[in-house]
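This report describes a protein model chain by chain, then its interface and selected local features. The sequence and structure are shown first.

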Number of protein chains: 2
Amino acid sequence: MDQSDLKAPTWQLSERARKLTSSAIREILKVTERPEVISFAGGLPSPATFPAERMREASDRILRDTPAAALQYSATEGYAPLREWIAQRYSVNGAQIRASQVLITTGSQQALDLLGKVLVCPNSPVLVETPTYLGALQSFSMYEPSYVQVATDEQGLIPEALTAELTKGARLLYAQPNFQNPTGRRLPIERRRALAEFAKTAPFPVIEDDPYGALDYAGEPLPTMLSMAPEHIVYLGSFSKVLAPGLRVGFIIAPEELIFKLVQAKQATDLHTPSFTQRIVHEVIKDGFLDTHVPTIRELYRNQCDAMLSALERNMPAGVSWNRPEGGMFIWVNLPAQIDSMKLLEEAVAQNVAFVPGGPFFANEAQHNTLRLSFVTVPPAKIDEGIGRLGALIRAKL
Amino acid sequence: MDQSDLKAPTWQLSERARKLTSSAIREILKVTERPEVISFAGGLPSPATFPAERMREASDRILRDTPAAALQYSATEGYAPLREWIAQRYSVNGAQIRASQVLITTGSQQALDLLGKVLVCPNSPVLVETPTYLGALQSFSMYEPSYVQVATDEQGLIPEALTAELTKGARLLYAQPNFQNPTGRRLPIERRRALAEFAKTAPFPVIEDDPYGALDYAGEPLPTMLSMAPEHIVYLGSFSKVLAPGLRVGFIIAPEELIFKLVQAKQATDLHTPSFTQRIVHEVIKDGFLDTHVPTIRELYRNQCDAMLSALERNMPAGVSWNRPEGGMFIWVNLPAQIDSMKLLEEAVAQNVAFVPGGPFFANEAQHNTLRLSFVTVPPAKIDEGIGRLGALIRAKL
């Protein structure tokens with residue numbers, strides 16, 4: 001939208017709305033909808049993994065057998081059998097999760113909004129990884145926190161960095177331990193234990209956001225922090241990456257005290273997540289479908305990841321480095337310090353290749369020589385072609 | 001939930017969350033789920049009106065023909081053909097609504113949340129009717145406004161009450177001109193014109209919330225304020241009362257400047273409304289279905305309303321008054337001044353009858369001798385029985 005075409009709004013906006021600005025990246029990335037563009041920018045799962053036929057059967061059964069309930073208003077907390085299923089699924093390694101600890105959300109993006117609503121005041125400190133998930137920054141920013149970055153290394157968040165000084169007054173710590181968006185990093189088990197121990201005494205919740213947990217290529221998931229400290233971790237889950245994102249069904253697992261407040265906040269926000277989509281999710285998964293379905297997604301994504309890693313090895317000049325993800329959808333690239341990935345994006349788009357610059361994933365002090373590559377939706381031959389063009393562009397700058 | 005069972009939360013909550021308290025009414029009304037209770041409390045549409053078979057066919061076609069798009073992430077603004085349909089539908093009486101003025105929301109409750117997010121700061125004045133929709137108070141209250149009540153009479157909001165003094169510094173005026181929840185009142189055309197004129201020069205938007213507009217029993221809708229001042233009114237619509245609420249599909253029509261900010265706020269809130277439910281709505285309505293379907297809802301509700309009006313006439317003692325709605329789902333009852341409807345509710349529930357006390361619908365200075373009756377889901381014989389018991393309870397207090 002070209003703002004110059006618009007009459008100036010004469011209505012006074014809230015402080016938080018005045019801070020919202022049009023994203024330069026979003027404007028550039030609009031061109032990636034052109035079919036000739038090879039886009040590594042999207043965070044979209046592959047539609048090849050959507051179990052459309054199963055969903056069609058499930059929708060049909062639901063609207064045949066229970067139309068009045070599936071189409072009526074329903075409880076803010078969510079569809080009871082789905083809450084039960086989630087509670088059972090996460091009662092592992094000795095942890096006991098109760099259905100009363102589960103709130104169904106309109107995608108896990110809504111979980112972030114509700115947590116911001118219930119926990120964050122203007123200028124209150126919020127602890128995030130360096131870098132962190134851009135969508136979480138967008139949600140929390142509506143409640144005007146003061147971000148504090150927690151140091152990370154190749155293995156993710158460094159628990160020792162959580163000193164009393166750094167964490168003073170914090171309202172929450174937000175982390176993605178599995179195949180983080182944007183870095184693809186997985187937090188090792190020792191660090192998970194250390195963070196879970198930290199959560200047990202911290203005067204604020206540790207948020208374990210886990211949309212990609214099921215997507216570990218070896219099928220050997222690490223235990224969640226939730227399982228280590230079930231009364232002290234706020235866990236966010238999603239069906240977007242294992243079923244389909246267009247249904248917008250996610251969930252929060254938290255102590256009942258917090259769920260109680262989150263339910264009130266959700267009631268004021270959208271009353272409840274659509275009754276019909278919640279029932280579709282439950283109908284599709286209730287008989288163990290994910291146990292056979294998720295391995296097929298893992299295999300697809302592992303092959304896609306391998307294709308991109310091998311393209312990077314063939315095409316990137318010395319001085320460019322990247323990680324080898326053990327799961328998920330993303331690779332994080334470090335460029336030589338003098339290259340600004342935002343400027344690189346403009347040149348890349350001119351050559352019909354796209355990615356997301358790393359800068360916006362930092363709450364403060366961005367590292368502009370970084371970028372995120374998504375590999376799951378591009379065919380391997382196109383991955384090679386796109387990475388080839390990108391490598392040539394970078395080489396020309398050295 | 002019994003709060004005494006819970007460990008005290010040790011996490012610090014936001015100011016807005018600390019203000020959230022458990023609703024006494026909600027606790028009392030929980031018993032209305034018992035089948036022996038005759039409940040006039042719910043705001044639920046009648047499930048007899050849900051076009052379940054059409055939705056089943058629509059779901060089937062969508063998941064057969066366009067599964068990848070229906071199950072994938074989609075634009076925050078909403079499904080383009082649905083936005084187009086809405087823009088055309090509201091381009092009447094000379095008003096031209098553009099699809100770019102339409103944002104699809106996760107129910108129209110979300111529209112209220114987004115407007116609060118984008119327009120309201122702590123302590124900023126928000127103008128509301130006396131009484132007003134409780135759900136709007138819940139949404140706006142998350143952004144901590146200072147409410148200012150606008151005077152009303154039997155015909156609804158009184159435009160002359162909107163003096164410069166009363167409206168000073170206001171961020172928005174919120175009104176439901178059609179069959180208002182809770183009073184069932186319809187704003188006359190002269191007042192609509194006056195309010196639309198007011199909107200043209202006001203330094204804040206007039207919000208026209210219209211979930212019940214299609215439900216006028218005579219099938220003679222009054223023109224919307226949107227049609228009178230399309231660049232100055234923010235209009236909220238919903239498919240909850242004409243199709244089904246469990247899909248959670250509503251919309252905002254507003255000037256593009258505001259839509260631009262609302263889209264950014266929505267992206268941070270739930271990314272987008274489910275792709276699948278939006279497509280179901282469009283698939284069901286695109287060929288004119290509402291033109292034949294809505295009259296059947298009107299007829300059902302008119303008959304239900306007549307049954308309740310006649311039960312009230314037969315059973316209520318002198319000193320009790322109520323309105324005769326021209327549409328919608330609610331009747332508003334004024335009791336003699338000495339009767340507190342909250343205490344009456346406790347006694348009524350003990351006799352298996354329920355309603356919603358009027359107090360919570362007032363932003364300030366509640367009139368406690370009022371109550372809201374919903375008539376759409378109770379069979380006429382039960383309406384008579386329930387109103388009979390209620391009348392006897394009130395008579396005993398006089």
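## Basis of the description

Helices (H or I, at least four residues) and strands (E, at least two) are DSSP runs, numbered from the N terminus. The model is predicted, so local features need pLDDT of at least 70 and side-chain atom pairs count only at pLDDT 80 or more, while totals for chains, interfaces and linings use all residues. Residues are numbered from 1 along each chain as its sequence is written, chains are lettered from A and ligands numbered from 1 in the order in which they are written, and side-chain values use heavy atoms, with hydrogens and water left out.

## Overall form of chain A

Chain A contains 15 helices and 15 strands. Its radius of gyration is 21 Å, close to the 21 Å that the globule rule gives for 398 residues, so chain A is as compact as a globular protein of that length. The radius is taken over C-alpha atoms, and the rule is 2.2 Å times the number of residues to the power 0.38. Along the principal axes, the C-alpha atoms of chain A fill a box of roughly 60 × 55 × 50 Å.

Of the 398 residues in chain A, 63% are buried; buried means under 20% relative accessible area, exposed over 50%, and partly exposed in between (1.4 Å probe, protein chains only). Contact means heavy atoms within 4.5 Å. Among contacts in chain A between residues at least 6 apart in sequence, 76% join residues at least 24 apart.

## Interface between the chains

The size of an interface is often given as the accessible area lost when the parts come together. Here buried area is the accessible area (1.4 Å probe) that two parts lose on being put together, summed over both. For chain A and chain B this comes to about 7500 Å², with 62% of it on carbon and sulfur atoms. In chain A, Trp11(A), Leu71(A) and Tyr73(A) lose the most area to chain B, together 11% of what that side buries. Each chain contributes to the contact: 87 residues from chain A and 87 residues from chain B.

Helix α7 (residues 134-141) of chain B has as its buried residues Gly135(B), Ala136(B), Leu137(B), Ser139(B) and Phe140(B). Their cover includes α11 (256-270) of chain A, together with α6 (107-119), β3 (125-129), β4 (146-150) and β7 (172-175) of chain B.

## A buried and a partly exposed residue

Ala41(A) lies in the loop between β1 (38-39) and α3 (52-65) of chain A. Ala41(A) counts as buried because its relative accessibility is 8%. Beyond its neighbours within four places in sequence, Ala41(A) is in contact with Leu29(A), Ala354(A), Phe355(A), Val356(A) and Arg372(A). Val356(A) is 315 residues from Ala41(A) in sequence, yet their C-alpha atoms are 5.1 Å apart.

Glu197(B), in helix α9 (residues 189-201) of chain B, is partly exposed, with a relative accessible area of 47%. The C-alpha atoms of Glu197(B) and Asn315(B) are separated by 43 Å, the two residues being 118 apart along the chain.

## Backbone geometry

Most residues other than glycine have a negative phi, and most peptide bonds are trans. In chain B, a cis peptide bond joins Thr130(B) and Pro131(B), with omega about -5°; Pro131(B) is in the loop between β3 and α7. A cis peptide bond also joins Asn181(B) and Pro182(B), with omega about 25°, and Pro182(B) is in the loop between β7 and α9.

Asn352(A), which is not a glycine, has a positive phi near 65°; its place is in the loop between α14 (341-350) and β13 (353-354) of chain A. Leu271(B), likewise not a glycine, has a positive phi of about 65° and is in the loop between α11 (256-270) and α12 (275-285) of chain B.
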